[in-house]
Amino acid sequence: MTGPAVPFREIVLKVHSRCDLACDHCYVYEHADQSWRTQPKTISDHVVSRTAQRLAEHARTHALPSVSVILHGGEPLLAGPARLRRVCEKFTSALAGLAELDLRIHTNGLQLSPRYLDLFDEFDVKVGISLDGDRAANDRHRRYADGRSSHPLVLKAVELLRQDRYRHLDLGLLCTIDIANDPVAVLDALTELEPPLIDFLLPHATWGEPPPRPDGSPTAYADWLLTIFDRWQEQGRPVPVRLFSSVLSTLSGGPSLTESLGLAPTDLVVVETDGRLEQVDSLKSAYEGAAATGFDVFTHSFDEVAAHPGVRARQLGLAGVSETCRRCPVVRSCGGGLYTHRYRSPGGFDNPSVYCADLAALIRGIEDRTAAATEAPAVRDPWELLAAQQDLTRTLLAALHDGLDGSGGEVWESAWALAAEVESDPAGQTALDLVLAHPYTRTWLLDTLEAVRAGRPVEGPPVERLAASVAAAAVHAGLDLAVPVVHRAGRLFLPTLGEVRAGGTGEAGTALVRADGEGFTVRTEGGALHIARGAGEGPRWSPVRRLGAARGPGPVQAADGPGPVPTRVLDDLDPYRTCFGTPAAERLSPSAADAWSASLAAAWELLARTVPEQAAEAATVLTTLTPLAGDAPVRTGRHGYGALGIAAGGDAHALAAALLRGFRQAKLRALAEVTDLYASDGSWDHRMPWQEEPVPFSRLLSETHERVGLGLFAPRFLAGVPQALDMIEEAAETTVDGKQLLAVMRKEINGTHGTSGRNGCKTDTERAAMR
């Protein structure tokens, strides 16, 4: 077993080993392991003290920010309020100044009273109560030894916990599933109590002692849960349900929210009333001694337990599940199911869950019911992707402002205030959106945020860029607003506009930039310089060149869509354009820029003729092209959606292919920035149809996405793509949005072998010429 052991963040402390109910589905008393019979009824002060010391030692060693201690049993309230107070005091004292302590108790509620809840309020102990639904459902298993119902007393406990003075202690309700119960009646009974959370638990079972299936259905438990899911949806999801939330989270690329699902490593250890250290309690359903480690709190540290082979087996993620599970598309959500439920004799735990068919049906059922509602619109709609990228840029700008926390000085604070003033004008808001959408704004934000978060001082150009951006927005909008911008030896760059050489003395100074009807004026201590709208290259002004219609500084023209999109520009001026992993070219001469633009125009014309839909989208979003030094065909960089570094030259076909390749790379990167297309955990490797060496899923997806686009332009790239799409569809990493992207790619390649398919090729002869 490789990798370091995972530290424990959750301790289950058995404070009492007996119970006042005789539930016939209880894994502690009714299943294979009967070790409870030899345990002391109540935990001793010595065991409590030693456990608290061990936990403090563990928290210190691993610098844990927080730890949870769950008081458990048996029935933990049978330990009595005096002993529970000593438990709370010992752990609170031991963890003080080391880690935040999260105290919890799981109880059947029968003994719960204001006396206990006042104690729990004092130490902020959260309370979870077991309740299996309405009275008929609850009384099927949760009865006293003489057969009496426990339901009235449990309801009384729940109502007590719902009182205003105790509501903040309420963890929610734990419900063990019995498919003989009416699922709708169970859910309605639980939601009527308005708990903060409901947790449905599959009854513990193994392949040797499988769960009851009265009708023989292999998916009876999934059917029962999906009926509840439908009712829950119908009710408007009035209460969080942990099981459903976990599946929805993993389907979207997020983490599992419960031990019973997902591939997250276990971080839990159990301390019995005699101080013995054990693995997760549910293992007692497998066989006698399954949970034992041979360790105790008196002679062993928690690190020793964390290294125990049984514990490590539940920390291996994908490598820790059976070969059958590793090949299953839903393993990220399922995780092979609860470790206990995999047990089969002989053979141990290297099996799928005894609930395998149920878990697969449940996950697919939830996905089928929610995919449309949970899909990110950005995957299908280019305008939504642009809007999501704009939201991300503004979020990063706000994060930078918060991170600077005043350290940006007057230059930053003044620019921040002026940005708000510009945004108060509708044209100014549109213009500021345009400037923030410039891809190198993202590069500036990411670089500066990285410095702030690393604790490095941020001053000079990184702080000054905001004012230059606000000034550019004011000029675009034609606002009569003087914006102070720092210049360096009389030179200042205005994003999306160009570089001004206004003159001035000293290394740095302040220029006032103000728009007027004919362009804008830059005033420094050396005098004023007026830049006319549409002004070309000159000794004191270098404009950002437009690759579309020529346009100088002036009012922004709104585009069709959710926000402004500028005409494509050749940006060989922006200081943040050096983000491509290869040097950017210096400022091109007018003749070189004309030649560069001409070769690009020919490439765009070819794309528009052969792949019109992709060309139209690329022309909309690839707003910024930067010449690269050397012969790098195309590069995407550390910037927002919309920029490519490209070396123009060569024939139109090669340049068109480079543009298309860069567009596909940039689009997938932009999608990955605003939505989860695949899960980042696990260690899956895939062998691509066009390459022998196995690669991570991220590369499989990116190369397939790129080849789909290129295949519409040059069909030779489609070789192996159908197989790759099948691999992506079957991969466990693909999220709901990843599957949506897969559907988009399949739709893109439909009809590519005809004479007038989606790609717009007019004849077979023209297609053959591009092979």
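User: Where does A535 lie?
Analyst: Heads-up, this is a predicted model: local features need pLDDT of at least 70, side-chain atom pairs count only at pLDDT 80 or more, and totals for chains, interfaces and linings use all residues. Residues are numbered from 1 along each chain as its sequence is written, and side-chain values use heavy atoms, with hydrogens and water left out. Helices (H or I, at least four residues) and strands (E, at least two) are DSSP runs, numbered from the N terminus. A535 lies in the loop between β15 (527–532) and β16 (541–543).

User: Which residues is A535 in contact with, leaving aside neighbours within four places in sequence?
Analyst: Contact here means heavy atoms within 4.5 Å. A535 is partly exposed at a relative accessible area of 25% (buried is under 20%, exposed over 50%, partly exposed in between, with a 1.4 Å probe and protein chains only). Once those neighbours are set aside, A535 touches W541 and P543.

User: How many of the 17 residues of α18 are buried?
Analyst: Helix α18 covers residues 461–477 and reaches 24 Å from its first C-alpha to its last. That's close to the 24 Å expected at 1.5 Å a residue, the expected span being 1.5 Å times one less than the number of residues. The rest of the structure largely encloses α18, because the number of its residues that are buried is 15.

User: At what angle do α17 and α18 pack?
Analyst: Y440, T441, W444 and T448 in α17 meet P462, R465 and L466 in α18. The two axes are 10 Å apart; axes are lines fitted to C-alpha atoms, for helices over the stretch in contact, and angles run from 0 to 180 degrees between N-to-C directions. On that scale, α17 (residues 439–453) and α18 pack at about 145°.

User: How many residues apart in sequence are the parts tied together by W232 and F244?
Analyst: Both W232 and F244 are buried. W232 belongs to helix α7 (residues 220–234) and F244 to helix α8 (residues 242–251), so the separation in sequence of the parts they tie together, in residues, is 12.
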